[in-house]
Amino acid sequence: MRLDPADNVAVSVAEAGLDAGAPVGTDGVHTRSAVPRGHKVALEAIARGAAVRKYGHPIGVATADIAAGEHVHVHNVAMPPAELLQAHYAGAAARPHGRYTDTPARTFRGYLRPSGRAGTRNVVCVVATVNCSATVVKAVCRAFEGEDLGARGIDRIVPIAHAAGCAQAIGGLGYTVLNRTLAGWIYHPNVVGAVVIGLGCEGTTFASILASRRASGVDDIPVHTLGIQESGGTAAAIAAGIASVRALLDALPPFERTDVPIERLNLALNCGGSDGFSGLTANPALGMVSDRLVAQRATVSLAEIPECHGAEGLLAARCVDDSVRAALSQTFAWWADYAGRHRVELNDNLAPGNIAGGITTIVEKSLGAVAKGGTSPLVEVVDYAAPITRSGFVLMNTPGFDPVSVTGLVAGGANIVAFTTGRGSVYGCAIAPTIKIATNSTLFARMSGDMDIDAGRALADGTLDPVADALFEYVIAVASGERTASERLGVGGEEFVPWAIGETL
């Protein structure tokens, strides 16, 4: 499959890959060796130092002369220099902004909160202020396993435990990020009540979490607090926590779903275990869904800045004004400094599974990843776990590690998650339902218990439209209460992972 007329490589899409001698294209080119599924093959001779082009974009440079029909991958391709990318963006035509403006208005069956925000689930959280209280938090939640909460309209009682909360400079970066993340989860539109449990001498407290809470637009929910030291130890704190959750549940009113405008959705866009098909099927199909949602004034939030590296020009061309463009530039500059201080390259983001799946450079990965955001204008760039304040297409500064990235997006207000995977991620979020989209049908069949949507159908259909249509309808169905595969499996109790950035003293 050749993705753009300007490309000098094509992608092997055959189920078993390509054998040596297989015809490629219509110019008499044949493979010189086997080319695995999802990997690239040269359509023409590529001289050493010349650009390797996919998606009509340079994804690398040849490190040796590459003959037509040769397998193109990490053994003969390196990262493209910044000058090559800059020259490409300088001469590239602007992409059209947005589409689907004539899509009929839709609603979903959700929970409209007093602030005007909307929930897609009703969750009660039991929250650790510090790792020292994580055991108590999990024990409290285990006491409610198997209990039928559906009659009250409650979906789940969720433990929110983590590895930090102390030995950080009060007011420092790590402390600030952790407090902001915890506040975003406690006061999330899908959370209807919380019990916050601390040890009693830690740096992060409910008071510090509350201080980082956004002043407006957050619903007041019942929050109970207790300390292990004050309660008399572990056993006493577990008993007190169970009693607090029980009292909270007894005080909550029954919840019923109502019709809510689709503009109240905030869809987090994420990918993990990407492969050579991510940018061909699942990610661009999700991009079409993103554009449909934005056309109805909903919010879609992209993240994973290292996995946007090399595609900055695409995002910069979509910024609605200079202030957003400046925020975007500052975010990428921060990452350049961060990587330099830690003596790493952003290309190191490539995992062994990405490479095995056919992705050669971070630029190639990024071009596929950014496709999740469609073509709509970029209206806001926000810090990690900061509240998302504008509707439309938004970018959040997160690392590429999936649990950390989604934790930040959900803290920002995302009430549903769309997660694409080519190798087979098993991620799920405890408080925001997570839709898993397989990039290829082989994965969908092999891990059917974890997957919700088979985007690999687009290869057989020859078009993304049926997949995008099915995914759009499924987003509405899940927002209205249909349970995803990860929810049926009970995944999410270990996936709260705030960004551990900053000092540990």
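Helix α3 (residues 173–186) contributes three residues to the lining of the largest cavity, the most of any element; helices (H or I, at least four residues) and strands (E, at least two) are DSSP runs, numbered from the N terminus. The model is predicted, and local features therefore need pLDDT of at least 70 and side-chain atom pairs pLDDT 80 or more, whereas totals for chains, interfaces and linings use all residues. Residues are numbered from 1 along each chain as its sequence is written, and side-chain values use heavy atoms, with hydrogens and water left out.

The search of the whole structure returned two cavities of 30 Å³ or more. On a 1 Å grid over the protein atoms alone, a cavity is a set of points where a 1.4 Å probe fits but cannot get out; lining residues have an atom within 4 Å of a point. A volume is the space filled by probe spheres set on the points, which are joined across faces, edges and corners. The volume of the largest cavity is about 140 Å³. Its lining comprises 16 residues, of which A183, G184, V218, P387 and A411 are the closest to the centre. Seven of the lining residues are nonpolar, five polar and four charged, where Ala, Val, Leu, Ile, Met, Phe, Trp, Tyr, Cys and Pro count as nonpolar, Asp, Glu, Lys and Arg as charged, and the others, Gly among them, as polar.

The second largest cavity holds about 60 Å³ of space. S278, G279, I359, K365 and G368 are the closest to its centre among 13 lining residues. Helix α11 supplies the largest share of this lining, four residues. In α11 (residues 362–370), nine of nine residues are buried, that is, under 20% relative accessible area with a 1.4 Å probe and protein chains only. K365 and G368 are among these buried residues.

The largest nonpolar core contains 106 residues, with L265, L293, I431 and I435 touching the most other members. Such a core is a set of buried Ala, Val, Leu, Ile, Met, Phe, Trp, Tyr and Cys residues joined through side-chain atoms within 4.5 Å. Beyond its neighbours within four places in sequence, L265 is in contact (heavy atoms within 4.5 Å) with F108, T120, L293, A298, T299, N415, I416, V475 and A479.

Aromatic pairs number 10, with rings of Phe, Tyr and Trp (its six-membered ring) paired if their centres lie within 6.5 Å, and planes under 30 degrees apart counted as stacked, over 60 as edge-to-face and the rest as tilted. Y338 and W499 form an edge-to-face pair, at 6.4 Å centre to centre and 80° between the planes. Because Y338 lies in helix α9 (residues 322–341) and W499 in the segment after α16 (485–489), this pair ties together parts that are 161 residues apart in sequence. W499 counts as buried, at 10% relative accessibility. The pair F419 and Y427 is stacked, because the ring centres are 5.6 Å apart and the planes stand at 15°; both F419 and Y427 are buried. Ring pairs also link W334, W335, Y338, Y384 and W499 into a cluster.

Note on methods
Buried < 20%, exposed > 50% of the residue type's maximum accessible area, 1.4 Å probe, protein only. 1 Å grid on protein atoms, 1.4 Å probe; cavity = no way out; pocket = protein on both sides within 12 Å on 5 of 7 lines; lining within 4 Å.
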